[in-house]
Amino acid sequence: MSETEKKSHILDVHDLEVEFETDQGIVHAVRGVTYEVNEGEIVGLVGESGSGKSVSMYSVMGLLAENGHIRAGDIKLDGRDIARDAFANKKEYEKAMEEIRGRQMSMIFQDPLTFLNPTRTIGDQICEVIMNHNKVTREEARAKAIDLMTQVGIPSPEKRIRQYPFEFSGGMRQRIIIAIALANKPRLVIADEPTTALDVTIQAQVLDLIKDLSRKNGSSVILITHDLGVVASLCDYIYIMYGGKIVESGTDREIFYDPRHPYTIGLLNCINNPEADEQKELKPIPGSPPDLLKPPAGCPFVDRCEKAMNICRNRMPSYTQYTENHKAMCWLDEVKRRQEEKHD
Amino acid sequence: MTENNVILKVEHLKTYFDVTKGLFAKKQYVKAVDDVSFEIHEGETFGLVGESGCGKSSLGRTLMRIYDPTDGTVLYKGKDITKLKGEQLKEFYRSAQLIFQDPYASLDPRMTVGEIIREPMQIHKLYKTKEEEEEHVVELLKTVGLKPDHIRRYPHEFSGGQRQRISIARTLALNPEFIVCDEPISALDVSIQAQIINLLERIQNERGISYLFIAHDLSMVKHISDRIGVMYLGHMMEVGDADELYRNPMHPYSQALLSAVPIPDPETGKSRERIHLQGELPSPLNPPSGCPFRTRCPFASERCAEGMPELKDYNGRLVACFKTEQENQ
């Protein structure tokens with residue numbers, strides 16, 4: 001990849017490894033993942049619980065729990081190194097991250113009620129993020145907050161700005177969170193299961209809102225989710241995570257129409273497309289995800305894969321590149337490729 | 001379909017919750033289930049969908065007599081179960097069971113898997129000896145895809161999907177003919193959901209059990225259900241054959257609800273038109289007059305404020321809407 005191309009990436013994460021110390025031992029939650037997010041792109045990060053999808057993003061934001069730490073890897077935001085190692089000490093890192101969070105990148109959480117402070121008005125909480133990052137007066141911040149509330153579709157914002165979180169419904173609270181996240185027009189928005197707690201009609205409203213506002217502001221979005229329907233209808237590019245690894249990545253069409261990794265294929269086989277006239281039989285993936293206290297030496301999917309070979313158990317597969325964007329981490333294609341090379 | 005293969009017939013069922021605040025305050029009710037009628041046939045899966053607060057779980061729990069109905073009748077195999085007490089109610093529970101949403105909360109952490117599955121057999125004195133019970137427990141474990149040696153383990157040793165298998169085994173301990181499944185897969189991961197759905201389908205094929213399947217995941221409901229009922233604010237808005245209803249929803253609410261389902265296909269998912277509903281679900285404490293959906297309905301007219309339209313039959317599809325009535329006259 002050339003230097004000029006690299007510059008257009010908003011986020012570059014390279015070989016990130018994250019561990020948690022627990023009473024049972026060390027959990028290897030993220031085991032060497034690499035992401036790139038381009039300007040203005042909506043990227044989906046798909047995986048089941050425990051796949052490491054949220055943890056990898058919390059590491060980027062510098063919001064890991066006390067017992068977690070980044071063991072290795074580079075994180076670059078807009079070309080600037082923001083990994084913990086790039087700073088002299090913890091204090092400097094925290095100070096820099098406080099500047100970055102809310103201004104250059106921000107986060108939309110799954111449950112708006114735990115994110116909002118129940119004892120302060122909505123207005124206070126939106127104004128806070130504006131005033132922290134801009135030199136504005138209280139009145140100016142308030143006017144901006146009302147403008148933001150209008151943008152996210154909250155009726156009569158002049159009145160509602162004085163209300164408390166409990167006075168809003170779930171969907172309206174999520175709109176407030178979006179208003180706060182987008183207040184300073186960040187370059188990158190990380191949305192962690194933003195609609196999982198919402199009903200389907202409200203979910204549709206909120207997803208449209210995220211899409212429209214990110215287009216308008218030119219922000220890139222990383223959408224963390226387990227819902228393949230949501231990913232298909234919103235994302236341009238998709239990463240599939242399993243057992244702390246990215247097993248496959250590609251454009252939306254490559255992932256849905258030409259999946260290569262047995263896990264991606266398995267996932268697509270166990271969901272139902274309600275639009276399809278013929279109801280296909282669901283083909284579940286047997287077994288359950290690996291224990292990341294003792295991650296397998298080889299492919300994390302080996303125990304559930306019907307095509308598993310001996311080599312899968314012992315050695316981690318490398319990536320096979322299919323197109324410019326599309327790659328998967330699987331021995332099947334790797335072995336095939338090597339055989340072809342031998343014949344040539 | 002003839003009357004005699006109806007296993008459950010619900011007529012004008014109402015479940016109101018008293019939420020009056022203070023001793024002398026005006027009586028206030030949440031009408032969780034308001035005048036709902038429908039039938040479930042033998043061996044069929046009836047899917048119940050709707051958004052949170054629409055009353056689908058309250059309806060399921062009323063059918064199981066966890067909540068007492070305010071009014072109306074529930075005929076289970078021809079017998080009204082709304083007034084059952086004591087021994088008769090216990091008898092009803094032998095043939096009707098419930099699977100809960102959260103397999104972490106519904107299993108007692110201090111009991112072994114064997115004890116959990118054995119408990120209903122002991123309560124109903126199904127077997128004379130311990131050996132017979134044990135044999136039956138092992139058989140059930142195999143049915144739901146667990147191993148016989150799991151019998152002495154505790155729930156915390158199992159994953160979410162396996163726990164849901166344990167609770168299904170317990171549900172099957174009494175050989176029920178009717179099971180209410182209250183969001184049995186929504187706490188599980190995608191790859192595990194399909195395992196549980198296939199297990200429920202296999203059990204149904206082997207034993208001819210009827211299901212009431214309550215869920216908010218509309219794509220999975222379509223997959224498992226033969227017929228589907230759509231609820232909104234305590235009312236049944238539309239009932240019909242699952243495939244037909246998804247292909248051609250008639251009620252404006254069903255249309256909006258189904259258009260909002262995210263489709264796992266980038267081409268159709270990104271291009272399709274959604275019907276945007278204005279606003280949110282009204283408070284069930286203070287529902288709109290007439291049709292509860294009229295405040296968000298794109299077709300609402302004055303008439304809709306005056307009274308609740310009845311569920312009417314249009315070639316086998318039941319729809320409660322004045323607009324549909326007018327168009328089909």
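Over all chains, the count of aromatic pairs comes to 17, where rings of Phe, Tyr and Trp (its six-membered ring) pair if their centres lie within 6.5 Å, and planes under 30 degrees apart count as stacked, over 60 as edge-to-face and the rest as tilted. The model is predicted, so local features need pLDDT of at least 70 and side-chain atom pairs count only at pLDDT 80 or more, while totals for chains, interfaces and linings use all residues. Residues are numbered from 1 along each chain as its sequence is written, chains are lettered from A in the order in which they are written, and side-chain values use heavy atoms, with hydrogens and water left out.

Because Y242(A) lies in strand β9 (residues 237-242) of chain A and F301(A) in the loop between α12 (262-269) and α13 (310-314) of chain A, the pair ties together parts that are 59 residues apart in sequence; helices (H or I, at least four residues) and strands (E, at least two) are DSSP runs, numbered from the N terminus. Both Y242(A) and F301(A) are buried, a word that stands for under 20% relative accessible area, whereas exposed stands for over 50% and partly exposed for what lies in between (1.4 Å probe, protein chains only).

In chain B, Y76(B) and F92(B) are both buried, and together with Y93(B) and F178(B) they form one aromatic cluster.

The structure also holds 36 salt bridges over all chains, each being a side-chain nitrogen of Lys or Arg within 4 Å of a carboxyl oxygen of Asp or Glu. Three of them are set out here.

| Salt bridge | N to O distance |
|---|---|
| E17(A) and R71(A) | 3.4 Å |
| K53(A) and E193(A) | 3.9 Å |
| R110(B) and D108(B) | 4.0 Å |

The surroundings of these side chains can be described as well. K53(A), by contrast, is buried at 7%, as is E193(A) at 8%. In chain B, R110(B) is exposed at 70%, while D108(B) is partly exposed at 28%.

Finally, charges can sit over rings, which requires NZ of Lys or CZ of Arg within 6 Å of the ring centre and within 35 degrees of the ring normal. The charged end of R260(A) lies over the ring of Y322(A), 4.1 Å from its centre, and that of K323(B) lies over the ring of F299(B), 4.1 Å from its centre.
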